[in-house]
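Subject: The structure, and what turned up in it

Hi there,

Here is the structure for you to open alongside this email. Have a look at it first, and then read on for what was found.

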Amino acid sequence: MNQISIIGAGIGGLTLGNILKQQNFDFTIYESAPEIKPVGAGIMMAVNAMQIFDKLGLKEKIENTGNKIHGICITDEKLKTISTTNVLALEKKFNSCNVAIHRAELQNILAENLGFENIKLNHSLQQIHKKENYLLGFENGFTAESKIVFGTDGIHSKVRNQIFGNGNIRNAGQKCWRGITNFELPEKYNNHALEIWGKGKRFGFVKISEQKVYWYALVNENKFRENLDLIETFKDFDSLVLQILEATKPENIILNDIIDLTPIPKWYAENLCLIGDAAHATTPNMGQGACQSIEDAYVIGKLLERNRDFNSVFEEFQKIRRKKVDTIVKNSWTIGKISQWEKGNQIRNFLMRSIPESINQKMVEKILKLEI
C-alpha cells in the first residue's frame with residue numbers, strides 16, 4: 001500500500017513531491033503521459049513561485065535553464081505602452097525574479113530532483129473509490145491502495161469529478177495559439193515580457209532561453225475558423241509580431257480554448273485533497289495558474305512541518321488559500337474580457353494608462369507575497 005499517492009505529474013504535483021521528499025514522506029506520483037517530453041509551451045514562473053523553488057534549492061538551476069524577466073509590459077498594436085510592471089524593486093524585496101522557461105524543462109528539473117523512481121508514467125487514473133483506504137484503478141490495468149491521495153490532475157480532474165462530483169468548467173469564448181520558435185528578439189526585449197492588445201485579439205511573447213521565444217495569440221471565438229491564418233489576422237500589429245509568426249513551424253504551435261473552473265465549495269475530503277487546477281483552475285491572464293499550484297504545495301508542506309494530521313492540514317490549507325485564489329480566478333477572468341474588447345479600445349487604453357504605477361505595483365506585490 002502507498003502511504004501517499006499524487007495523481008498528476010504537472011508542475012503542482014511535482015512541486016508537492018519535492019516538498020514531501022524534503023520532509024521524508026513516502027509517496028508515488030502517477031502520471032498519464034508516457035513520458036515527460038518537450039511538448040507544450042513556455043511558462044512564466046513569477047516571483048512567488050521562485051521564492052518557493054529557492055527553498056527547494058532549485059532557484060539557480062531554473063534561472064540558468066530559463067531566462068530572467070525584469071519587466072512586464074502591455075502595449076497597443078504599435079507597441080506603445082499601456083501599462084508596465086517593473087519588478088526590480090519586488091525582486092530585491094523577495095530576493096527572487098520572474099523566470100520564463102519551457103514548461104517541459106521545468107518539469108524535468110522538478111522530476112530529476114525528486115527522482116524518477118517516485119514517478120509512474122503511463123498511469124492514467126480511471127477510477128478512485130474510498131473504502132477503508134483509497135482504491136486507485138488505472139487505464140493500463142494497474143491498481144493501487146493508498147491512505148492519502150492528492151489530486152493534482154488539472155482542470156479536468158478525475159479525482160475531483162469522482163470524489164466530489166462537482167466542477168463547472170467555464171469557457172471564456174477565446175481561442176489561444178501557443179508557439180515556440182528560434183528567434184532573435186531586439187535586445188530591449190531580452191528580459192521583458194510583452195502583451196499586445198488589439199481589437200478582439202492579443203499577442204504576447206517572451207524569450208525563454210538563449211535561442212527560443214515563446215509566444216501566444218488569442219482571438220475571440222466569433223472570429224475563429226478552422227485553419228485561421230494568424231499572419232493575416234495580426235497584420236495590423238507591429239511587424240515584429242509577424243516576423244515571430246513567420247519564424248514558427250506549424251508543428252510547434254498548439255491551439256486551446258481559454259477555460260477556468262467556477263469556484264467549488266470544498267477542496268478536501270477525508271484523507272484526500274485537491275491542489276492547483278483541480279481545485280481552482282484560472283485563465284492565464286495573470287500568469288498565475290501554475291504559480292498558485294506551487295503555492296498550494298508550499299502551504300501544504302509548511303502546515304505538515306508542524307502537524308502530521310493530514311485532515312486538519314487540509315482544512316487549514318483551504319482556509320489559508322481560498323481568498324487569494326478566488327481573487328486571482330475572478331480578476332484573471334475580468335482582465336481576459338477587458339483585453340479582448342472589440343470596441344472602445346482607445347477609451348480602455350486611456351483608462352489603463354491613467355492608473356498610477358504605484359497602485360499596479362501594490363496589486364502585484366500582494367500576489368507575489370507568500371501567505372505563510
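Two strands are said to pair if DSSP finds at least two bridges between them. By that rule, strands E5 and E13 (residues 192-197) are partners, running in the parallel sense and joined over five bridges. Please keep in mind that this is a predicted model.

**The seven-stranded sheet**

E5 and E13 belong to an open sheet of seven strands in the order E6-E5-E13-E14-E15-E12-E16, and the pairing in it is mixed. E6 and E16 are at the edges with a single partner strand each, so one side of each has no neighbour in the sheet. From one strand to the next, the twist averages 20°.

E5 itself is mostly covered, with four of its five residues buried.

On its other pairing, E5 meets E6 in the antiparallel sense, again over five bridges. Here Thr75 stands opposite Thr81 in E6. The two strands form a hairpin with five residues between them, and in that hairpin Leu79 takes a positive phi near 65°. As a reminder, most residues other than glycine have a negative phi. Leu79 is not a glycine, yet its phi is positive.

**A second residue with positive phi**

Asn24 also has a positive phi, of about 60°, although it is not a glycine. You will find Asn24 in the loop between helix H1 (11-22) and strand E2 (28-30). With a relative accessible area of 69%, Asn24 is exposed.

**The three-stranded sheet**

There is also an open sheet of three strands, in the order E3-E7-E4, with antiparallel pairing. Its edge strands are E3 and E4 (67-69), each of which pairs on one side only. Neighbouring strands in this sheet are turned by 30° against each other on average, direction ignored.

E3 and E7 (residues 98-102) are joined over four bridges, and Ile43 is opposite Ile101 of E7. E4 and E7 pair over three bridges, where Asn67 has Ala100 in E7 as its bridge partner.

In a regular strand, side chains alternate between the two faces of the sheet. E3 (residues 42-45) lets you see this: Gly42 and Met44 point one way, Ile43 and Met45 the other, and all are buried.

Cys73 is in no disulfide, and the nearest cysteine sulfur, that of Cys97, is 18 Å away.

The cut-off for buried is under 20% relative accessible area.

**On the surface**

Ile347, Phe350 and Leu351 form a nonpolar patch on the surface, with about 350 Å² of accessible area together. Leu351 is in helix H12 (residues 345-353) and is partly exposed, with a relative accessible area of 48%.

One more residue to look up is Glu251, in the loop between helix H8 (239-246) and strand E16 (253-261). Glu251 is exposed, with a relative accessible area of 62%. The C-alpha atoms of Glu251 and Asn271 are separated by 42 Å, and the two residues are 20 apart along the chain.

Best wishes

How values were computed:
Residues are numbered from 1 along each chain as its sequence is written. This is a predicted model: local features need pLDDT of at least 70, side-chain atom pairs count only at pLDDT 80 or more; totals for chains, interfaces and linings use all residues. Side-chain values use heavy atoms; hydrogens and water are left out. A disulfide is a pair of cysteine sulfur atoms within 2.5 Å. Buried means under 20% relative accessible area, exposed over 50%, partly exposed in between (1.4 Å probe, protein chains only). Patches are made of residues with over 30% relative accessible area and no salt bridge: like charges are joined within 9 Å, nonpolar side chains (Val, Leu, Ile, Met, Phe, Trp, Tyr) within 5 Å. Accessible areas come from the Shrake-Rupley method with a 1.4 Å probe; for residues, only the protein chains shown count as cover. A salt bridge is a side-chain nitrogen of Lys or Arg within 4 Å of a carboxyl oxygen of Asp or Glu. Axes are lines fitted to C-alpha atoms, for helices over the stretch in contact, and angles run from 0 to 180 degrees between N-to-C directions.
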